Each structure stands twice: as structure tokens, then as C-alpha cells.
Amino acid sequence: MSLTLIVLLPFIGAVLPAIMIRAGRNACAIATGSVTLLALILLMAKAPAVIGGEVFQVSYDWLPELGLNVTFFLDGLGLLFATLILGIGLLIIIYARFYLSKDDPMGRFYVFLLLFQGAMVGIVLSDNILLLLVFWELTSLSSFLLIGYWKHLPEGRQGARMALAVTGGGGLAMIAGMLILGNIVGSYDLSVILQNADMIQASPMYVPALVLILLGCFTKSAQFPFHFWLPHAMAAPTPVSAYLHSATMVKAGIFLMARMWPVLSGTPEWFYIVATTGLVTMVLGAWIAIFKHDLKGLLAYSTVSHLGLVTMLLGFGTPIAAVAGVFHIINHATFKAALFMTAGIVDHETGTRDIRRFGGLINLMPIAGTIGIISAASMAGIIPFNGFLSKEMMLEEAWHTVWMDQSWFMPVLATIGAIFSVAYSFRFIFHVWLGKPRDENLPHHPHDPPFGMWAPPAFLTILVILIGLFPAAIAGPIVAATSAAVIGGALPEYHLALWHGLTPALGMSIIAIVVGAVLLMRHGSLLSATANLSRPDAKAMFDCGMAKLVTVTRFATEKLHNGSLQRYLAITIFAAIAIGLTGFYAEPDHTAGTRELLAVSPAAAIGWVLLVVTCLAAVVMHHNRLLSLLLVGVIGLIVSLGFIYLSAPDLALTQISVEVVTVILMLLALNILPKETPKESLAGRKMRDGVISIAAGLGIGSAIWAIMTRELPNSISAFHLANSKTEGGGTNVVNVILVDFRGFDTFGEIIVLGIAALSIFALIETVSGSEAAKRLASWVVKNRRSADRHPMMMVIATRVMLPLSLMVGVYIFLRGHNEPGGGFIAGLVVSVALVMQYMASGFGWTQNRMKVRYHGMIGLGVIAAAITGASAWVAGLPFLTSGFVHVHLPIVGEFELASAMGFDLGVFLTVVGAVMLALAKLSQVERMAEHADINRHPMDYDPSVQTTTPEKEA
Amino acid sequence: MEFLVASSIGLLTTCGTYLLLRGRTFPVVVGLALLSYAVNVFLFAMGRLTINMPPILREGVTEYTDPLPQALVLTAIVISFGMTALIVVLSIRAFLEIGNDHVDGRPVGEPSEAGDKN
């Protein structure tokens, strides 16, 4: 449990700084620090057991079907990295408190930092590789926020974007690699994967998986040729650089290589890819670092170089090299974090980071100078600091490593890397701290920073010295525990000690220090000698590549997504046809179906001919909108007749009542919309659309033909027929399915219907104040008005029909469970009855007499359905389980009263509310356009009123 | 009979699709209505065609048509009404906002993209 808490603490704690910043910067920093400290304490409580060889594990099911579970485990490797992340994180939090100026939003900084911290801890403690990937992506995102923290600086934004593009892109490759890996093993749990080295390395998918995972690691850990993002990320505030580039983000790639070391390493592929990449990165990074004038730039390239060093050691694939790698991870984290913080102090105190302007700073800043010099000496690999120890081990391993049958290659290049490393480290020492001041006019007059700013690097520097002097005592246990976890087997024999005797490595070290010092003395001439060398500008190349990518994607987007609905629809339909055709040809067997067909009756044939004629007419005459609307009505009528004929009375009733309201709705729309569609389609476009439409029709038609000529396979329909009466208490199986068996679907559907109606409401209500309102205000009614708008005959007829049709509605509703009918149909019938009143006497007149609000009806309907469903809970049954009783009423006779009827009532209310709201809102637009007053009387001429014409009176 | 239904569905799809691809809102609405008929009848026909076998349970009757597609289609019909109503109102609002009823929703005077002029 506390393992999960260690991961979750930074995430949960991330809200603290955002709140605590109101209480001041100190409170904010203390709150943030406490979160990290608490996590660190929890971790340290487990440290002794882990070092003793124990592995902690917790597991929660998340999506077990996908193999994705929240599982954490803590072994030596996880402990080392979690300690680095939380420990250095704590120091950074203290340091940042004093580093950030008053203008910087500190709360936000700490929020980002904690999010990042949580993501990193998540990576190193995850047992499930899918979970690990989630955290991996989280670090990419949160580091983006951290690097771009100074968002007013263009370099900050660009650097953040570049880091995100490179590490995020690598992350995508890694997802693929991890999925392959999980597929090979059959599990996404690291603890399982780590047990199956043989299976993985024997798989043909080993190399693709390896390459993809390494892509993720190399991009994250800034390995050549993906190293370029790291120096650009230096635009971030120094605490971020110190944190991301010493102990955390860039070490994530290293961590993963170490984590996967037992299963992925040991093959020639691993050796040549990883060791070579590491070697190239180490030498190249160190070489570039010599020439960087920016203090942080120098450190950035040195980080690249040291990451290469560790990568190379892991690439060697031997246990002893892995131990050296682990040891160097610790050492690098200590001295590099201290160096970055020192660089931040220099920047903070002098106002510049240009090495060419420094010199003799130690006289002005003795404390910072001492810290900087000791850490840089460790970086150079000078005895007796900790950098010396691990570098010695690296050289020793390089000495024993044969590369492509060449035994000289590795030692020579490793020595060259070490020479460069000495050169830039000495440059940091001599050009910054020692010697004479070169620029008297520094932007600020430097002096030592406040305690809170130098204490964190000083603490790390003490570690640098102590580990250097007593490596076995101080770092020995954690190195052993970590190495055991990395190697996954017995530890090789090794000694962490300053003095190993006169070894080849010592010789290489001495060469490196001497030649490195000479290089620095000749730095001026080296600079001028290399000044004219063409060096590829990674940023320009990256920007150029990005620009090309944007051009290509923009082109594709503009082609596909150009804002034209016609094009979208054409592409969509075309794609659907293409997919259908592919499926058709993928199946080689196209035999005709053998199901016995129904005979064609004369009535059916007539209906069919009518349908064909009206369909074609609707297309040919679609420019005349009124006509095409009428034709649609006819088609709907034929369809409902078809439903009756083909044993679907419920469908027929629904279709015909929907048809009525749809036609009314579209008639209302046509009052506003133009009555004619202009003939503007070019012949080519018509041809294209014709071809697409005929293809679509042929496809759909033949598909259903193929289906109907085959027997119905065993479906779940039989269940509904068998249980409708016994379980649902109704004989109309369609209705029972709607309100009982599939009640949850229906519940969702009435909600959708309600939402559609409310959207209509919103669309019309927001008209006022918009362009549309102006257009409506200046609307000129063009079409000729009927002389009698509310004819007496119609008014009387609809009045007489109202109670009758409401009665029909109730009847249809009540019998719906057993005979064709139900809530949907009853709702539509009642709506039609009400709409008739509106049509006869006008909207305003009728509306004034309607006391019901349609919104309320929709809401009431949904609630009624929900309550009916939920009432099953009272009986301890699942949602929407229905019960029923037999009731005997006079006249109506015996019938079953099912609880589903309450549900159906909800359906009924929602349907009436939705239909009426839609129509009411449409007619509201009409009234705005017509500028007509509300008629006071129900009809144009009312014989019972003793006035001549109501129009005059109004 | 099956052929009549299949060809009707195909024809409704063709006409609906053609109208769907027109450049003005009203034909698109009509096209969508035709397409809804096609889809509803298609779903309905998945349960195969039968005559005089409505899924209303009766004493002594054992053969019924498949009730499940009917239940699905019933809600589909109502939902397609909701959808039609929504796009009708959308097209009215768009027409009032921009002064024309072209589906691309560009205000009058703003040039439509080359090669895409309806």
C-alpha cells in the first residue's frame, strides 16, 4: 500500500503548491518539500529490506482484460532511481525557492515539478509495462511544461516543443516495442517478462521489439543522433535543468535499458546497437562540450556524453560493465546536479552564463567556487572523487572489449572520450573559477548566494567526496542491490576502491588527464582551428523537418478537411463503399442463397412501382422543395404500408405518425428556407455523385438481398418470444423488448431524443442579438398568404377530434403491452392531436391555453423512466427489472399491469415533450419572421362573437 | 417479395445518397430522410420477411416473425425524427445567420474554394 502511496503522493500533492502559494512563497516551498519528503521517508522505510534482497509488490486490477493492471514493485533498481528522483527532487525544491525570482509564478512551477516527479517515480516502480508507458508519456508531457516554464521566452517554448516532439516520438516507438514484447511473452508484467529472456531472444520479433524500445530509450536519454533536444531544453530555469538532466528525465531511458537488461542484452544486436551508440554519443558530446561558451550548454553536452558512457557500459552486456554503469549513474547524478545548481548560482549572481566573461570567480564566491571545482573535478575523473572510480571501471571494461574483431578500437575511443571530458571539466574549473577576471563589467556584482541556494549543491558535493573516499561503505550496498536487480542473477566479483594497482585503466586515466590539460591550454588555437569546420545545426535541421511535416500534413488536411460538407460526405461514403468492396472480394465464395422466397402479391407490386416512381421523382424534381417534401411523405406512407404487410404493426403505426410530424416540421422549415433549390451542380459533379450513389445503392441492395435469401441463423430472438409473456407480462413482444428486455437501450434513446429537443430549443433561443435576429427583423414575407388563416371548418373539426384523438392515444398507450401500440406511438399520436390545434388556431392562441411546459415534460419523462427502473432496486433486483400484476377493470376487462408501464409512461412523456418543443420552437421563428400579432380568437370568423372581423379588432 | 424489398432499399439508398451530396441544406435533409427509410427497412429485413405473423403472442400460434429487429427499428424511427428536427433547425439557423442555405456555411461574398463550387 505504501508503495502505491509513494507514487501517488506527488500527484496528490501537486494541488498543494497551487493553493499554498496564496500563503506566500515559503509556505508554498515547504508544502511542496513536505510532499516529497514524506514520499522519501516512506521509501527509506523500505530501503533496508530492499537492500537485503527483498522485493515489494502491490497489485490492483485496472483493465485485466487488456493485461493492464496497476502493479508496482520495488527492487534494488527501483529503489536507487526512486531515491535519486525524490532525494534530488527535495534538494531542487529548496534550491528553486531561492532561485526563482519574485516575478516567476512559483506555485505553477512546483505543481509541474511534482507532476513530473510522480510520473518519474511511476516509471521506476511500475511492474506493468503498459502502466510504465502511461507514466513514460506523462514525463514527456510534464517535462514539456517544465522546460517551457518561462513561456515568455521563445527559446523556452521552442526547446520545450523540441523535447516533446523527440521524446514523445520515441515514446510512440516504444509503445509498439513494448506491445511486441508483451505479445511474445504473453504478459505485460515486468516480473513475468524478466523471467523469459530465452523466449524473447529466440523470437523472430526480438529485433523489431529491441529497435523500437531502444528508440524510446535513446530519444529520452538524448543518445546520438537524438541528442540535440537536450541542449535546447537548457532554456528552462536552472532547477529544471538540474533535475531533468542529472537525475531524472534523461535517466529514464537509461533506467529502462537497465530494467530490460536481463532480457534484451547479451545478443550481438544489443551490443552493436547500444554500445556503439553510447560510444559515439560519449565522444561526440564531450567534443562539442569543449567549445560551448554557455555554461549550461557545456554542462548539457557533458550530460549527453555521460549518458553515452552509461549506455555504452550497459551495451557491453557483461555483468561487471553493468555494475560500473550503475555506479556511474549514482556518481553522475551527484556531481551533475551539483554542477547545474552551481551554474544556476553563477547565472543568478553575475547575470550571464558566458564562460568567456568569467575568471577568478572563486575570489568573489568562495563557497560556490569550492562546490563547483570539486564537482567538476569529479566529472573530469580526478582522484579521489567519485567520478574517478566509475570512470576507471569504464576504462577497465573498455580495455577488455573487442569491437568488430578490433581490440584497439574501444580502449582508444574510450580514452579519447575521457580526454575530451577532462578538457571541458578543466575548462569549467579554470575559465570560470580560477585565473584572472576577464570581464570587470559583469551585469551584477557577484557574491555568494543565500544558504538555501548553496546548501543543496554542497550536500551533493559532500556525497561526491565521501563516495570517492569510502565507496564500499557508502555506495556499496545500494550498488550491490541495484546491480543484482539489473543483472537478474549472481553479482560478479568487483571492488569499489580508489586504488586497484597499476592497471591499464590507470594508464588511460593519466593519459586522459595530461592530454586533456594540454587541450585546454591550447583552447584558443583549438577554437580558431575548428571555427571554420562546418557543423550541422541540429535545430535548423529539426525545424526544417518539422516545417516539411507541417506542409505535408496541412496539404493532406486541406484536401480532406476543407470545410466543405459535400466533400466530407463524398469521402465518407466513398470510403464505406471501398471497405464494402474489399470485404466482398476478400470472400471468394459468392453462391446464391437458398432460402425459400415469398410470393409477390399484386398489392405489393403496386406499392413497389409507386415507391420507385416517387423515389426517382423526388430526386429529379428535388429543386422544387415543396414537391419533393410531398413525395417524401408518400414514400413514408408506402414504407409504413410495407411494415403492415410484413407483420410489423408497431412499426407501421410509428412510421405513419412520425411521418405526419416530420412533414409538418419540414413545411414549417420551408416557410423560412428558400422554396427552390438553385440548379448549380455542374455536370461532372452530378456524374460523380451519381456514380457514388448508385454504387452505394447497389452495395446496400445486394447486401440485404444476400441476407434475405439465407436462413435466419440462431438468434436471441427466440428467447424474447419465449419469455415475453412469462417474464415481461405482455404479449406484444416488440413492446416488451422496448420497455423490459432492452429497456436500458430505450432509456438511453429517450434521453437522446430529449437532448435533441433541448438543442433545438437552444438553437432558437439564442437567436436574439445574433445576425439571424437582424435578418428576421427585416424579413419580408414573399409568399402569398391564405385569405383565411384559421378557417372555421378546420378549427371546429380539430376541436371535435381533440378528445377523440387523446382517447386514442390513451387507448394505444394502455394496450401497448399486449397489442400493437405503446409509449412511443401513443406519444406521437397525442403530439399530432395537439399540433392540429396549433395549426388550426395559430401558435400564440393555442400556446396561451397550454399550461404544460414541454421542457418539464421531457425531464419528467426521463425521470419517470428512471424511477421505474430504479424501483427494482427496492426489491433487490437489477435496474429496470419489471414486475406485473393482474388487474380486472370493468369494460376494459382483465389485463396485466406491469411496472414497465411506468417506464412506458416516461417514454410517452418524453416523446410528446420533444416533438412539441421542436415544433413550438420552429413556429416561434416563423412568428418572428412574419411580425404577426397573436390572434385573440381561435378562428378567422367566429359566429358566436358579435363583431365583424377579428383582424380589425386586433 | 424479397427482391422488391431489396431493390427498394437499394433505390432509397441511391436517391438518399445523391440528395445527401447536394449543396443546399434542404435536399440534404430530404436525402437524410430517404436514407433513414433505407436503413430502417434494412434493419427490419435482417429479421427476414414474413406475412401475417406479427410478434403478438396468441393462444395456439407458434410461428412469429423476429421481434428484435422491429424493436430496434421502432426506436430508430423516433430517433431519426429527432435527428431530422435538429438538422432542420440547424439549417434554418445557419440560413438566418449567413444569408444562404449552402451546406458549407460560408457567408455571402466569401469565395468558396476553387474546384469545389458545388
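**Notebook: helices, burial and cores**

I began by counting elements in chain A: it has 42 helices and four strands. I kept in mind that this is a predicted model.

Next I looked up burial in chain A. The chain has 954 residues, and 49% of them are buried.

Then I turned to contacts along the sequence. In chain A I took the contacts with a separation of 6 or more, and 78% of these join residues 24 or more positions apart.

I went on to chain B. I found three helices and zero strands there. Reading along its sequence, I noted the pattern α-α-α.

I looked up the corresponding figures for chain B. Of its 118 residues, 60% are buried. Among its contacts with a separation of 6 or more, residues 24 or more positions apart account for 47%.

Which residues have the most contacts inside the largest nonpolar core? I listed A:Ala82, A:Ile85, A:Leu313 and A:Phe327. That core holds 202 residues.

I noted another core lying apart from the largest one, with 136 residues. Its members include A:Val739, A:Ile825, A:Val830 and A:Ala864.

I finished with one residue of the largest core, A:Leu313. What does A:Leu313 contact, once its neighbours within four places in sequence are left aside? I found A:Ala321, A:Ala322, A:Ala324, A:Gly325 and A:His328. I also wrote down A:Met394 and A:Glu397 as contacts of A:Leu313.

Key. Residues numbered from 1 in each chain as written. Chains lettered and ligands numbered in written order. Predicted model: local features only at pLDDT ≥ 70, side-chain atom pairs only at ≥ 80, totals over all residues. Core = buried A, V, L, I, M, F, W, Y, C linked by C-beta atoms within 7 Å. Buried ≥ 20, exposed ≤ 12 C-beta atoms within 10 Å, placed from the backbone. Contact = placed C-beta atoms within 7 Å. Helix = DSSP H or I, 4+ residues; strand = E, 2+ residues; numbered from the N terminus.
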